[in-house]
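Open your viewer and get ready to click along. Could you show me around this structure, stop by stop, telling me what to select and what is there?

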Amino acid sequence: MTRQVDVLVVGAGPAGLTAAARLAASGAGRVEVLDREQRAGGVPRHCAHGGFGSWRDPLTGPAYARRLVETALSAGAVVRTGVTALDWAGPLALNTVGPAGPETVEARAIILATGARERPRAARLVPGTRPAGVYTTGELQQAVHLFGQRIGTRAVIVGAEPVSYRAADTVRASGAEVVALVTEAERAQVSLVRAQDARLRRRVPLLTGTAVAELLGHGRLSGVRVRRRDGRTAELACDTVVFTGDFVPENELARRGGLSVDAGTTSRPGVFAAGGLTHPGESAATAARSGARAAAAVMRPSGAARDAAAVRRP
Amino acid sequence: MTVTTHGPLPSASYDVIVIGAGVVGSAIARQLARHPGLRTAVVEAQDDVGQGSSKANTAILHTGFDAVPGSLEARLVREGAGRLAAYAAESGIPVEPVGALLVAWDEEQLAALPRLAEKAERNDYKEARLLGRADLYAREPHLGPGALGALHVPGESIICPWTTTLAYATQAVRHGVDLHLNCRVRKVSQGLLSTDRGPLRTRWVINAAGLHADTLDRDLGHHDFTVTPRRGQLIVFDKFARALVRHILLPVPTALGKGVLVAPTVYGNVLLGPTAEDLDDKRATQSTADGLTRLRELGRRILPGLLDEEATAVYAGLRAATEYDDYRITAHPEQAYLAVGGIRSTGLTASLAIAEYVVGQLRANGLESGPSRELEPVRMPNLGEAFPRPYQRPDLIAADPEYGTLVCHCERVSRGEIRDALASTVPPGSLDGLRRRTRARGGRCQGFYCGAAVRQLFEEARG
């Protein structure tokens, strides 16, 4: 079965929802957002901390996610969750599947807003055993904030970027202790205030110039071996390790289509890109702005001209 | 149907106990299940079947073309290959007959190919053919520069090793075999096993303990073989690499071993490995920086494009190598004991033939097995990309929308499949066990997206 929409947005995170809200509000016709997760909102759904919204209207991640969904819906966009865009059925058509079965959705324009993710342990080629207790921040935050799962008792955080400090906060929120932050960089990649607060008030050591050389333990993680730049090694006892940052685009759909992704556009006329897919690891606000820009590109006569008035003008 | 994971063990005596629920032990249990008059149990130290060498190998269904002609291994691999291919088709175990190419990278290796072709003939394998350079590159356009020719072995296939062991165990349990997990055997004597969970009595003991088979053998006073764990580290590359390779790319074997291969997997990834490191530690299943560096160097030569893709997983398995160049299957009727030792990397392929051989030996040595029956076939959930997965089946989703509700996005695993695995005959004891039954959490994100949701389903099912 094939269905037609005017604009199809893949991914209901900050970029996709912002793009959909702008397009629906500007009269782009039927604007539909697909998300493979059961709930829309993207990564902010499981960022329990503040720092979202604007300085005048500060929000936590989950509140921000709800706000994005409400804005898109009230603008007239359709948001469908639990639906996966599997592959391309044509230049501007995608095969999808969900509990209602398979469906092909054809559009005048498609925005890929499929986001980004952290590179996990295996992709980083960290040697050692394969015990339980190995996380990325994404999995850790969902485990703690969405499902209330117990993680371990002592966690090593790999990285010293903003997301690493968020992961440390999540570890503490779960009742576990942060053993150390470990980074190969020479200093923490966060504000001095943030770094000092963690080091002095929380007494979390920051090991710079240090790499995680091996994971230890059978069944459950028992520690990590770290290596300093001078070659010295040490073992940190822990039952949890969180690999943070090192974001890569979630680009399966783009690659399946053979599309190269540039900021905002792709190599295929009528297919646009926004958010973490184009700038992995940027903030939700940055992703939302790139969603707005993608919406503008879809609406622009020049953008439309490439594809013979791709989208109805208001 | 009895699978136990804790608590007291039955006090009544079994007729046969198989120690070890790897691919070989599970196949033997399945073979014994044909005899309804036998009380049979499998005891396993770990929390799942197939947790040792059986889960961490190269996942190849061999033809046996390069076995030692005339050996027991050569015979059982040859018989087992055909049997497993038929069993896989019947049971829904994914197999892809992609064929293998033994690639020669220098003149010496090129000169060795005709000898390997002759060896294949002596092993009763008649399909192997020499390929010139042009034919080789036509078959494998992404192969690195410098290859001179190849031996094409079209019968070599890739298979899902997890489903195979699980199918055997499932079928055995459904036909009355008891499976006791978390039940490490501390000591074995004639007719009596001391385990972590208490004693077990039996008439016959079958030692299929893989890496630990020599330890148990010594308990009974034998010094037939010594197991030297040979570690094989492997890198699983992202599914984006799958289009780079069509065959199993084997090196030409040298005195130093079979070497490092590049092979597609039935899950749609590409495998690079294994290393071959002789060790003393039977728990040394860790990967090493040196091992991974070496694999990547070799991989870059074989298939340069491979290294442009990410690693999805890294693992290491231990092969149960012995000082012998053949299987060591020995019956000791005076002790009602049979040892299945030295089953190396070919054990998966040969498993069904090993099982039949072992039960034949038991009968020849006095086991009264009583009447036999045909087993009810099992139908395992499909984990392979070459066959329709549930998310690709509108009929299945229409009947049960849970098969259209995807939880693990990288591997496209539905909530329905996870639910089924958690309620199956031999349910998983851990998230890794669930991954081996469904592929959930096994993809490129390694749980970034779905890890917590999958864990939630697992913990809910366990109560």
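Here is a tour in several stops, and the model you are looking at is predicted.

**Stop 1: the domains of chain B**

Colour chain B by its domain assignment. Domain 1 takes in 2–55 + 161–225 + 324–364, domain 2 takes in 100–154 + 228–321, and domain 3 takes in 390–462. Taken over C-alpha atoms, the centres of domain 2 and domain 3 of chain B are separated by 31 Å.

**Stop 2: the largest nonpolar core**

Now select Ile28(B), Leu102(B), Ile206(B), Val340(B), Ile354(B) and Val358(B). They are the residues with the most contacts inside the largest nonpolar core, which has 136 residues.

Zoom in on Val358(B). Leaving out residues up to four places away in sequence, Val358(B) touches Ile28(B), Ile206(B), Ile329(B), Leu338(B) and Val340(B). Another core, of 108 residues, lies apart from the largest one; Val33(A), Val156(A), Val204(A) and Val212(A) are among its members.

**Stop 3: two helices in chain B**

The axes of H1(B) and H8(B) come within 8 Å and cross at roughly 40°. That angle makes H1(B) oblique to H8(B). Their crossing is right-handed. To see where they meet, show side chains: the H1(B) residues include Val24(B), Ala27(B) and Ile28(B), and those of H8(B) include Leu352(B), Ile354(B), Ala355(B) and Val358(B).

**Stop 4: two helices in chain A**

Switch to chain A and select helix H1 (residues 14–25) and helix H2 (residues 61–75). They pack at an angle of about 25°, with axes 8 Å apart. This makes H1(A) roughly parallel to H2(A). The crossing of H1(A) and H2(A) is left-handed. Among the residues that meet here are Leu17(A), Ala21(A) and Ala24(A) in H1(A), and Leu68(A), Val69(A) and Ala72(A) in H2(A).

**Stop 5: where the chains touch**

Show both chains together. In chain A, 32 residues are in contact with 33 residues of chain B. Which elements give two or more residues to the side of chain A that touches chain B? Select strand S8 (93–98), strand S9 (101–106), strand S11 (116–118) and helix H3 (137–146) of chain A to see them. H3(A) gives the most to that side, with five residues.

**Stop 6: some backbone details in chain B**

Most residues other than glycine have a negative phi, and most peptide bonds are trans. With that in mind, look at these places.

- Select Gly273(B) and Pro274(B): a cis peptide bond joins them, with omega about -5°. Pro274(B) sits in the loop between strand S17 (270–273) and strand S18 (277–278) of chain B.
- Select Ala336(B), in the loop between strand S20 (328–332) and strand S21 (337–341) of chain B. Ala336(B) has a positive phi of about 50° although it is not a glycine. With 20 C-beta neighbours inside 10 Å, Ala336(B) counts as buried.
- Select Arg439(B), in the loop between helix H11 (431–438) and helix H12 (451–462) of chain B. Phi of Arg439(B) is near 80°, a positive value in a residue other than glycine. Is Arg439(B) buried or exposed? Arg439(B) is buried, with 23 other C-beta atoms within 10 Å.

How values were computed: Residues numbered from 1 in each chain as written. Chains lettered and ligands numbered in written order. Predicted model: local features only at pLDDT ≥ 70, side-chain atom pairs only at ≥ 80, totals over all residues. Core = buried A, V, L, I, M, F, W, Y, C linked by C-beta atoms within 7 Å. Buried ≥ 20, exposed ≤ 12 C-beta atoms within 10 Å, placed from the backbone. Contact = placed C-beta atoms within 7 Å. Axes fitted to C-alpha atoms, helices over the stretch in contact; angles between N-to-C directions. Helix = DSSP H or I, 4+ residues; strand = E, 2+ residues; numbered from the N terminus. Parallel < 35°, antiparallel > 145°, perpendicular 65-115°, else oblique. Left-handed = near helix turned anticlockwise from the far one by under 90°. Domains from an automatic or database assignment.
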